[in-house]
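Thanks for coming. I will go through a few side-chain and helix contacts, with the structure on the screen.

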Amino acid sequence: MALSTAITLQQFEPGGTTQAALLVGTVGMFLGMLYFISAGRGETDPRKQEYYIITAFIPAIAFVSYLSMALGFGATTVEFAWLGQPTQEHTILWARYADWLFTTPLLLLDLALLAGANRQTIGTLVGLDVAMIVTGLMAALTNRGALGLSTSGVRIIWWGISCGFFLALLYFLLGTLSRNAARQPGEVGRLFSTLRNLTAVLWTAYPVVWIIGTEGLGLITLGPETAAYAVLDLLAKVGFGFLLVRSRSVIDQAAAGAGAVTADD
Amino acid sequence: MALSTAITLQQFEPGGTTQAALLVGTVGMFLGMLYFISAGRGETDPRKQEYYIITAFIPAIAFVSYLSMALGFGATTVEFAWLGQPTQEHTILWARYADWLFTTPLLLLDLALLAGANRQTIGTLVGLDVAMIVTGLMAALTNRGALGLSTSGVRIIWWGISCGFFLALLYFLLGTLSRNAARQPGEVGRLFSTLRNLTAVLWTAYPVVWIIGTEGLGLITLGPETAAYAVLDLLAKVGFGFLLVRSRSVIDQAAAGAGAVTADD
Amino acid sequence: MALSTAITLQQFEPGGTTQAALLVGTVGMFLGMLYFISAGRGETDPRKQEYYIITAFIPAIAFVSYLSMALGFGATTVEFAWLGQPTQEHTILWARYADWLFTTPLLLLDLALLAGANRQTIGTLVGLDVAMIVTGLMAALTNRGALGLSTSGVRIIWWGISCGFFLALLYFLLGTLSRNAARQPGEVGRLFSTLRNLTAVLWTAYPVVWIIGTEGLGLITLGPETAAYAVLDLLAKVGFGFLLVRSRSVIDQAAAGAGAVTADD
């Protein structure tokens, strides 16, 4: 009956795809974290350090989240029926949302630093992002219908609202932020474009996996769904970070530019 | 038994005052959000954009909160007895507090920007505000007595502590912040005074509704209480924002002043 | 079954050591808060005010947390077995972690301001600190085994990860932050060293109490454990703050230095 009982009921079949995918995610994030820490060692310019700090914290947070899911802490069960199906208990890995709540703003912060964005733009991006994740969590946890809608109907409404915030986010990412980045030196602008495109494409895949997965319409099962998220998470966090930190000369230029931008901001 | 079960049990009587008030709040906040977004479109000066961004996020957050209450996600039940009454289950709309936790600091930020306040003053205001909301949530969720006090007694103690933080907040709002605003150009100072007075009066009504409502002494029922909060929320968020964003020339002056303040800060 | 039921089940034996320690903590934090507020009254320089504001908010937050534990709100029960013991219900005072989540970053902020640290260093310290507290909370709430480990084994893994983040934090506290502080005027550097040493020693005691206490191996009971935490909390928050705010001339120098640092940052 205690708080912790309520949030740690679920266990996975040992050796199944779900648990394997969670362990791959845990190890991958841990190694990514170590790599970004080692890449940043010896850097003494605060403006350059900032990229390594942010980029290392992203897989560090995801590591804790993945481990919590692998250990069952980050899982719960929610009772609902897929459209036209009987009601049953579904495993919901809520720790994903706790992870995304902090890692997605940090990824946007990396992009915003490269683009030389001001705090108004950063605030807007982070606000839309947090709204997207929180309403996504509501979609995931909803276990009852209302206003004449079935439980699944209400879940899909929250998913739709979350997608709405995501579209607004994409609008600023592809609009204001890209215009900011166009004023940066050529190499910085190119790295920004690469990372922005990677982010736009990968992030678009998340709501698709959600709606076809066990939280949405139940067209795929928990194993493949968890594997798909693990691949997306590793690409969007460790892959993103790898492309960023290997570009030392671009970070040098971006950091030099940031100095100038801040001074007249 | 899962987390989501615990927080989404409650359903409202369809067509009742409670649900009607929640739907009015949902629609009102959505329209307010659209209006502030459209008012801010085309603005390119970051210092002016800031007002529109903050002011649009306030009803956006409240929209999500109201919708969650209307859909039952943001409601729970707590067992306690009003003073001298038998114990019974009470519907607690906890999503209000999640809304207020973010929207009240943003409203204070609008006021602080108008007043040209420094980060020390903003930090103090936001800290007191968060303490006020969190202890208010404790009041709302308390379901047992302690130290010889009844459950209702403990609830009223938390309400009293929350009021204490509110009084400290008012002290800074009417003191430091108003002194800051007095140094701003005349029109900015007048708009600040109007919005500050609106905020001080409306915010004072909240703990009054709380203590006479179902969470406190139970002198009024959930329907009128929900309607009262909806009116207060719409005035304190959409009404506040309307008075702010229609004053374009004042925002111009405030933004120009902010540049000067920041430069020598 | 409601959210609040789940988190407020536990009651303490009236008059026992646990409740006495919680009441001492509550009163001590309240008095500390009043003292730091009175010490800061009349200060008009924002850079000096900042120390008093931060230092007063620390015991204010701890006061709310201690009161919530004394009133039973901040307590829950978790079922697990100490190594080699039968499974039983244990009282977990989760409100400690809510307290620490906000007070430990504020203590680090006081140290960082004295050291004249940049936002990259502050961000790193706060990030590691939050990771330390959150994984500590996971240790406290875990109620089941996984991957072939017993519940107690999983709890100790989370404790170990939390200790890992603490060691990384100590590395930055004793490394980067101390190098920053060495560039500050002599008296400021000495006050920083005193407070840093106090913090390093006291904070190290927390995981020790945890692992020998009821949340870890169960070598001591809840009464002495709660008393030990109360002493540590009062020293690390009120004692720390007392040493800081009584050094008015050092705060004057640190504030003057901060102006110079920010200007060329």
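**A buried aromatic pair**

Trp100(A) is buried at 9% relative accessibility, where buried means under 20% relative accessible area, exposed over 50% and partly exposed in between, with a 1.4 Å probe and protein chains only. Tyr206(A) is buried too, at 11%.

Before going on: this is a predicted model, with local features needing pLDDT of at least 70, side-chain atom pairs counted only at pLDDT 80 or more, and totals for chains, interfaces and linings using all residues. Residues are numbered from 1 along each chain as its sequence is written, chains are lettered from A and ligands numbered from 1 in the order written, and side-chain values use heavy atoms, without hydrogens and water.

Rings of Phe, Tyr and Trp (its six-membered ring) pair if their centres lie within 6.5 Å; planes under 30 degrees apart are stacked, over 60 edge-to-face, the rest tilted. That rule gives 27 aromatic pairs over all chains. In one of them, the ring centres of Trp100(A) and Tyr206(A) are 5.4 Å apart and the planes stand at 80 degrees, so the pair is edge-to-face. Trp100(A) sits in helix H4 (residues 95-115) of chain A and Tyr206(A) in helix H8 (residues 186-212) of chain A, 106 residues apart; helices here are DSSP runs (H or I, at least four residues), and strands (E, at least two) likewise, numbered from the N terminus.

Next, charge over a ring: NZ of Lys or CZ of Arg within 6 Å of the ring centre and within 35 degrees of the ring normal. Arg155(B) lies over the face of Phe80(B), 3.6 Å from the ring centre. In chain C, the charged end of Arg155(C) is over the ring of Phe80(C), 3.6 Å from its centre.
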